[in-house]
Amino acid sequence: MDTASVPGFIRTIFYIILFYYLFKFAMRLLAPYLMQKVAKKAEEHIKKQFEQQQQNYQSASENKQEVPKKEKKVVGDYIDYEEVE
């Protein structure tokens with residue numbers, strides 16, 4: 001089993017810092033492209049939902065038939081009672 005050494009520790013810290021800066025640099029280059037792809041996909045999704053709603057609304061309005069209203073039976077006059085003490 002190897003023991004920890006100072007040069008190995010420094011090398012590990014160097015690799016971590018190097019990876020961090022390379023990742024940061026790559027994200028600066030790739031972030032605009034990735035955000036553009038995400039925005040385009042969201043726009044397509046919203047447009048698709050809007051078209052579906054429009055189709056549903058149009059088909060519902062075409063299929064809507066006027067329902068005959070039920071006639072209410074007139075039973076009698078309404079009498080307002082007052083409380084007598």
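Buried means under 20% relative accessible area, exposed means over 50%, and partly exposed lies in between, with a 1.4 Å probe and protein chains only. By that scale, Tyr20 counts as partly exposed because its relative accessibility is 46%. This is a predicted model, where local features need pLDDT of at least 70, side-chain atom pairs count only at pLDDT 80 or more, and totals for chains, interfaces and linings use all residues. Residues are numbered from 1 along each chain as its sequence is written, and side-chain values use heavy atoms, leaving out hydrogens and water.

**Fold and exposure**
- Of the 85 residues in the chain, 0% are buried.

**Val6**
- Val6 sits in helix 1 (residues 6-63).
- Val6 counts as exposed because its relative accessibility is 58%.

**Aromatic pairs**
- Rings of Phe, Tyr and Trp (its six-membered ring) pair if their centres lie within 6.5 Å; planes under 30 degrees apart are stacked, over 60 edge-to-face, and the rest tilted.
- This rule gives three aromatic pairs.
- One of them is the tilted pair of Phe14 and Tyr15, at 6.0 Å centre to centre with 50 degrees between the planes.
- Tyr20 and Tyr21 pair edge-to-face, at 5.2 Å centre to centre and 75 degrees between the planes.

How values were computed:
Helix = DSSP H or I, 4+ residues; strand = E, 2+ residues; numbered from the N terminus.
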